[in-house]
Amino acid sequence: MRFFYASITVVALLSGCASTGDWSSDTPTKGGSRKATRVNLKTQSVSKVYAPSDNLWLRIRDGFQMEPMNSPLEIEQVRSLSARPDYVNRSMARSSRYLFYIVQEVNARNMPTEIALLPFVESAFVTNAKSSAKAVGLWQFMPATGKDFQLTQNVFRDERRDVLQSTDAALDYLQRLNNQFGSWELALAAYNWGAGNVLKAQKRNQAAGLPIDYGSLTMPRETRMYVPKLMAYRQIVMDPEAYGIMLPQLENHPYFVAIDVDSDIDVALAIKLAEIPEDEFHSLNPSFNKPVILSNANQQILLPFGHAEIFQANLKLFNKPLSTWTAVKVSKTESVDLVAKGLGVDADSLRQVNGIPRGMRIKAGSTIIIPKTNGRAGDVSSAMADNASLSLEKPPPPAPKCPKPAKGTKASKSGKCALSTPNKGNSSGKSTVSQHKSASTGLAKSAKNGSSPTLKANSTSNAAKGGNKNQ
């Protein structure tokens, strides 16, 4: 059995603590923009790699660059948040897993650290948050915008929910918007509302001889309140006691470690080997859609900082297969029962693991997850890991039943329904039965050609956040 990783990545980009020398590195990660310290556990212990244990909140405050608005809208948002201390405290507690990494990235780009607080506004730091507009993750990426920033969305994973990938993409996007509009307030408005809408609003103001700054533009209420809400969180971080909020204690230290995946491994096994609660694992790794993590997808597993060595020690003692799942591509459109029979797997299990509703057929070319057998050993290929999709369709309606022949008439020997002769002068030229048969044949041809509507499998949970940003 190949061991699962060659090294552990401490996800740390600590430009703000560069003077320590502990966290500098030139090793590129996926995407080419993130860097992280590489720790070889054969010669080095993760526990001996450390960052200064200063208060992270102090570091965040020191990096504030945006001017407080001190507007009625900001005051309204501060009052609204301070009236819900339980909600704010829960959000703050959730943020403790991710803030160090996000602050690292923000500092590395010389961005104002107010930007590190944006997930409070977007998702309340709920990693699997999904809006009514289908935006998901900490940074609430829409599907199209996620594709623009090369965030993979397929059967196996949705990188819009990936902590590392989505943070990288969001900060890239915000930097681009800031360069375009020349102001963080307008960049944030464009992030929420869309750059095209902000440009149109500016053109309307220019035509009317009005200013084109954030406060002067006409925009939807959500976008109008967007920056004031972020600034309200800024005010709370600056002086939490004044608003009855208790910030969690956060050391200036990584919460998690990133482990390279070198062989397919079951999610359940990774949780067991790391000795962490299931919900903790999923909070750090919300992008995995299936019960297996693929090595050929260039994936990393995030684990709490203190559990990397535990994972390594348990993995070395584990002498069974790491993965019990594999994937296959369906060659023709069939019902789940027929596909399951052909593959020798249980139909109900196939529906459950692939999220297929009853009554739906699997379309040709779809990728499905099935239990691994001796005949299907080995890791899922790179091509399948990166391009897997699942398309479903409803089966065509059944052919009409032949009516019982009237008394005194003989049933057709051919077994086909006898068509009634149309009356002279009937412009339709076809009986109801023949029309039904024609429609049924058309649907069958449509299904065979793959032109019927498809249904994408989706297991992401919903959140209350709405809006039409990132389009």
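Mentor: Let's begin with two helices: H7 passes H9 in a right-handed crossing. This is a predicted model, in which local features need pLDDT of at least 70, side-chain atom pairs count only at pLDDT 80 or more, and totals for chains, interfaces and linings use all residues. Residues are numbered from 1 along each chain as its sequence is written, and side-chain values use heavy atoms, leaving out hydrogens and water.

Trainee: Which residues of H7 and H9 meet?

Mentor: Leu177, Gln180 and Phe181 in H7 meet Ala195, Val198, Leu199 and Gln202 in H9, where contact means heavy atoms within 4.5 Å.

Trainee: How many aromatic pairs are there?

Mentor: There are eight aromatic pairs, with ring centres within 6.5 Å (planes under 30 degrees apart are stacked, over 60 edge-to-face, the rest tilted).

Trainee: Why is the pair of phenylalanine 120 and phenylalanine 125 called edge-to-face?

Mentor: Their ring centres are 4.7 Å apart and their planes stand at 70°, so the pair is edge-to-face.

Trainee: And why is the pair of phenylalanine 141 and phenylalanine 149 called tilted?

Mentor: Here the centres are 6.3 Å apart and the planes are at 55°, so this pair is tilted.

Trainee: How do you know that phenylalanine 149 is buried?

Mentor: Buried means under 20% relative accessible area, and phenylalanine 149 has 15%, so phenylalanine 149 is buried. Phenylalanine 141, at 0%, is buried too.

Terms used:
Rings of Phe, Tyr and Trp (its six-membered ring) pair if their centres lie within 6.5 Å; planes under 30 degrees apart count as stacked, over 60 as edge-to-face and the rest as tilted. Buried means under 20% relative accessible area, exposed over 50%, partly exposed in between (1.4 Å probe, protein chains only). A crossing is left-handed if the near helix is turned anticlockwise from the far one by less than a right angle, and right-handed if clockwise. Helices (H or I, at least four residues) and strands (E, at least two) are DSSP runs, numbered from the N terminus.
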